[in-house]
Amino acid sequence: MALSAALIGGLLAIGPDHSSAAPNTVVTAPPMGWASWNAVAASVDEATIRREAAALVSSGLKGAGYQYVNIDEGWWQGTRDAGGNITVDSHDWPSGMQSVASYIHSLGLKAGIYTDAGKDGCGYYFPTSRPKAPGSGSEGHYDQDFLQFAKWGFDFVKVDWCGGDAENLDPKTAYTAVSESVSKAAAATGHPMVLSICNWGRQSPWAWAPGISTMWRTSDDLAVWNNGKLAPTMNDVLRTFDSAQHPDAQSPGHYNDPDMLVVGATGLSAEDSRTHMSLWAISGAPLLAGNDLTNMSPDIKAILTNPDVIAIDQDPLGKQGFLRYTDERNAGLQVYAKQLVNGTSAHREAVLLLNRTDADGDIDIPWLNIDTKGSAVVHDVWTGQDLGAYASHYRTTVPAHRALLLTVSVPNS
Ligand code: GAL
């Protein structure tokens, strides 16, 4: 990852296709919420969703800006009635999908649901905690299924790629058709849905997905369930962060998606979770928590809800921070920066100093590299401390495998 800014610029010269209209743009900031997959794998049911939705509110996450409660794989086992309409297990969903969406709405939140672009979904090819689910995809039923989701009241739909991949479908063609069906459903019901494309970065979605969706995954899963366990490492976190680096594709309402958060997951320390959150914030990435909100330590809650970190993520310019500087002698010492709205300053950048190495390292940020001119005030975002004004650069020590998240602001003269 010792890519120079010039090389990154060169790679991005290919650029995304912004030419088509963006029909499913119903949000401008990166979506924030909670999704079921990293918490319960396919064992999602009505009781889980009601419990986690209530905890999103009582824990204070809603107050911090988390809005969506997203049902991921496992809610539907591929059954349909004679008219081709999706049917769900009434044991798992006793009051039905419409009632679940309306409960989520009653809490002042938004509801998300999930399907696959192919015929058989991930629950067929990679079953976790439920039996193999043939037919659990929307191929052949795009109009019907997305209309159904909109009628039930869902506000967000994630469309996976297990069936699409197995059938060798063309991602751009399939997701364009999905996006058109989502638009038709919105026109028919007056109820728009955010479209979240999940084809793991296959065929460079950053080049075509911005025109048809709000967010698109850029890599394989950050972590996979194995024998009932999800055990992400910091290498996983860095891998998906790196894969999501397509700053030219990102704009307000259109986001590279490095995957759902694993903040608070087993195997990550609180410091790891803080670094992970800093990486997503500098990326302006969607923030979909995946921990059990009913059982969250104060540390993890503080990491997920830090208002200044969230403000960097949600900054209205919608930029993705990108690599500006790599230490010549040590490619593991890096600086990423994300331009922020000026506010009361003349210019403002969020800056991430990342030490990927096993040793503490000194990192220097020349203001030149972060589009900053003149004396600028440095602020440590996590500690809330002002670190003073610096004329041309800032230099500090970053501990091994840690990141420092700063804002650098040029005062109005
Ligand atoms: C993967 C997807 C994950 C999760 C999982 C469910 O394809 O990337 O985010 O939805 O399927 O099986």
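1. Basis. The model is predicted, so local features need pLDDT of at least 70 and side-chain atom pairs count only at pLDDT 80 or more, while totals for chains, interfaces and linings use all residues. Residues are numbered from 1 along each chain as its sequence is written, and side-chain values use heavy atoms, with hydrogens and water left out.

2. Helices α11 and α12. Helix α11 (residues 270-283) packs against helix α12 (residues 298-305) at an angle of about 10°, and their axes are 10 Å apart. That makes the two roughly parallel (angles under 35 degrees; over 145 is roughly antiparallel, 65 to 115 roughly perpendicular and the rest oblique). Axes are lines fitted to C-alpha atoms, for helices over the stretch in contact, and angles run from 0 to 180 degrees between N-to-C directions. Helices (H or I, at least four residues) and strands (E, at least two) are DSSP runs, numbered from the N terminus.

3. Their contact. On the α11 side the residues are A270, S273, R274 and M277; on the α12 side they are D299, I300, I303 and L304. Contact means heavy atoms within 4.5 Å. The contact residues divide into five nonpolar, one polar and two charged (Ala, Val, Leu, Ile, Met, Phe, Trp, Tyr, Cys and Pro count as nonpolar, Asp, Glu, Lys and Arg as charged, and the others, Gly among them, as polar).

4. Strand β13 (residues 376-380) is joined to β14 by four bridges and runs antiparallel to it; V377 has A389 of β14 as its bridge partner.

5. Cysteines. The whole structure has one disulfide (a pair of cysteine sulfur atoms within 2.5 Å). C122 is joined to C162, S to S 2.0 Å, and the link is right-handed, with 90° about the S-S bond. C122 lies in helix α6 (residues 122-125) and C162 in helix α8 (residues 162-166), 40 residues apart. Both C122 and C162 are buried (under 20% relative accessible area; exposed is over 50%, partly exposed in between, with a 1.4 Å probe and protein chains only).

6. C198. C198 counts as buried because its relative accessibility is 2%.

How values were computed. Two strands pair if DSSP finds at least two bridges between them.
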